Amino acid sequence: MNTEATLRIMDRAHKEMGALPRAEQGTVYEFMNRFRANPRDPMLYLQVTATDVRTARIDGTYRALLLPVGPRDYLLVAVKHRDEVADTLARYDFQVNPVTGGIEVIDVRPVPVSTGGQPPIFAAFTDAQLLALGVAEPLLAQIRAVSGESELLALTATAPQLTADVLVALADGTPYQEVLEQITEPVRAEAPVDPHDLTAAVNNPATQVFSDDEALQAVLGETFEQWQVFLHPTQRKLAEKPTTGPTRVGGGPGTGKTIVALHRVAHLVRRLPPGKDKPILLTTFNRNLAADLRTRLIALGGQELTARVDIVNIDKLASRVVSEAKAGTGKRIIDDNKVVGLWQTFLLETGEKDWDADFLCAEWTQIILGQVLNSRADYFRARRPNRGRSLTRGERDQVWQLTERFVNWLDGQGVWTWRQVAERAARLEMDRAARAATAAEESSGSLLRHRYRHVVVDEAQDLSAAHWKMLRAMVPAVPDDMFLAGDTHQRIYDNHVTLGSLGINIRGRSSRLTLSYRTTRQILAAALEIMSGEVYDDLDGGEENLAGYRSLLRGERPTFRGAATWAQEQDLIADQVKAWGSPADGSIAVCVPTRELAAQVTVRLEREGMAVIEIGPDGPKTGGGVHVGTMHRFKGLEYQRMIIAGVSDGLVPRQMIGQFQLTDPKRYERERQRDRSLLFVAATRARDELAVFWHGTPSSFLTTRLTQQ
Ligand SMILES: Nc1ncnc2c1ncn2[C@@H]1O[C@H](COP(=O)(O)OP(=O)(O)OP(=O)(O)O)[C@@H](O)[C@H]1O
């Protein structure tokens, strides 16, 4: 098609279009085509207004508000009913933000006046201070009038993104300097900003625009996914920034880490030379998350994009490496949670009484296999972080010998564990990398190469050291080699690593997202309360916290209710699902600590005539019905409404970990932290509403502030 003019869509106009009836969306689409073909078409009634903005006729009812940003370039800033145009023009202001260099559309309608008589929230900050943080100047008067949270949220709902981010952070008590460093600096324009140069501004990544029809077609098409969103400028920077080495993106639940990882993949694919190979690996912890990543990546860029990306969960990747090398042929892989039982049988059969099966199992999986230790000598030298009791040289010798015998014993039965597969794969890949390096040095023209050019990992907090060693060996240490997304507060498997010691140096290349797009402020506050007092690591020997973690979404306060017995608690669950209208569309989930409880809840809800879908290792089998599953199954998922049930003393944290309190206090702390993280993960799956139930005594993770509200 001949185009006379460009017409880009600004994010807020895009949202307005999404809210129009379907037929109207099609009309906007046609309008855009006609406008691009000939903006002077008299049927479009392009009119200059008192401000810089132009209006044009979409149809008998709707008008487009257009901002000229170049001689033949326009920005669609709003789609309005014709009766609202005059009011909109009077209320809206447009500016180039002097900090970000992006165009902002600002709604300067007055904030509803508070009747509470509270003092203004931002009185402590001068105008100059607020402007230095990137707050939109036309909003200063409104900002000064804000004195309560509901007014604040009414204002931030329509304010430009940076203004909203800054105001909420300041209102939450984040120190000025921290807001400057964490919110403003990451989105500051790289070059000086000329506030009058709209052409430069529209091309600045801070201006959130769709530059083509894809977005509109997505709105019209069936495949429009809610997550196909405008990246926040901080998210975009992380997704597109060139890096000199491994990089990590952290941040609380729902801050868009997965979305950033997916956009990173898309960005890397766009930079690949043409080809048919798959030089990018996208991996995560389990099967259903890998399947989810594939679906989301297809939605983002279609088959063309996924054609260049190997998407596979980490254990499957390891087993693929092992079977390619024909290592372990004929052996059956057994589940890691069966390994302690096997150690017990082995110790019984061999009459070995000096050692505890649990201790040996952890030592073998975490230290010997986990660190891919080659020899007894390596084991003598190995660091044993987080292992609690120390071992003498003689004891280490005994452990080494016992594990060797145990491995032979397993071998004799034709089985091995996922941990062993990971360790073997790491070893094979490390050998391959060493051979590739020698071949390159000798420039012998060998075809030996690294498996991948880029590796992107989601849910990085749950990978073991052996997994990391394997991944490190799969990709050369070059710029943009590894991109890791993860949150240690959500670690639900017992894998603690220090990436630096595994050859993955993320120092100075670690960032954190803080704005949650999933949960409401009310749910977030409860989830943070669950985490209070616990210390978490940053995957690299340091500490990480959730400072600045926040949300702009508003909702009901979560419900916390106890019952006398489990039977009565099940009544609470059934009543709550009914109170939510028992929708069978997969928007509600019930999450419990154990499989037995999940089975009982299923029976109970089915008795009420509800369709129930149990969540298995591959995620929910179908979308419909009320989803029920154990807490582990909820990693990476999200629901409109969630019930977390069985949050009782003895169940959360698990009673059995009490045995370690005296024998192995470090392990006790680790296990307790893991259970706390499970509850945190579960609570942060809820988008709009959350109900937490227990029977008997509530879990010690539920503070009295929560249980008595
Ligand atoms: N810039 C954005 N605009 C609107 N929605 C967003 C944005 N970024 C993320 N989201 C939404 O927030 C939700 C969470 O995103 P995502 O799954 O990427 O978060 P996460 O940090 O990986 O979460 P978790 O750690 O809980 O797995 C999704 O519904 C996603 O669509």
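The model is a predicted one. The protein chain has 709 residues, and its radius of gyration of 28 Å agrees with the value near 27 Å that a compact globule would have. Its secondary structure comprises 26 helices and 27 strands.

**Overall form**
- The C-alpha trace of the protein chain spans about 90 × 75 × 50 Å along its principal axes.
- Of the 709 residues in the protein chain, 43% are buried.
- Among contacts between residues at least 6 apart in sequence, 75% join residues that are at least 24 apart.

**Domains**
- The protein chain is divided into domain 1 (1-102 + 192-224), domain 2 (233-321 + 423-516), domain 3 (332-413) and domain 4 (521-707).
- Between the C-alpha centres of domain 2 and domain 3 the distance is 30 Å.
- Nine residues from domain 2 and seven residues from domain 3 take part in the contact between these two domains.
- On the side of domain 2 that touches domain 3, α19 (418-441) and α20 (465-474) each supply at least two residues.
- The residues of that side of domain 2 divide into three nonpolar, three polar and three charged.

**Residue D688**
- D688 is placed in strand β27, which covers residues 686-695.
- Because D688 has 19 C-beta neighbours inside 10 Å, D688 counts as partly exposed; a buried residue would have 20 or more.
- Apart from its neighbours within four places in sequence, D688 is in contact with T520, G555, Q640 and R641.
- D688 and I368 are separated by 320 residues in sequence and by 44 Å in space, C-alpha to C-alpha.

Conventions
Residues numbered from 1 in each chain as written. Predicted model: local features only at pLDDT ≥ 70, side-chain atom pairs only at ≥ 80, totals over all residues. Helix = DSSP H or I, 4+ residues; strand = E, 2+ residues; numbered from the N terminus. Buried ≥ 20, exposed ≤ 12 C-beta atoms within 10 Å, placed from the backbone. Rg over C-alpha atoms; globule rule 2.2 N^0.38 Å. Domains from an automatic or database assignment. Nonpolar A, V, L, I, M, F, W, Y, C, P; charged D, E, K, R; others polar.
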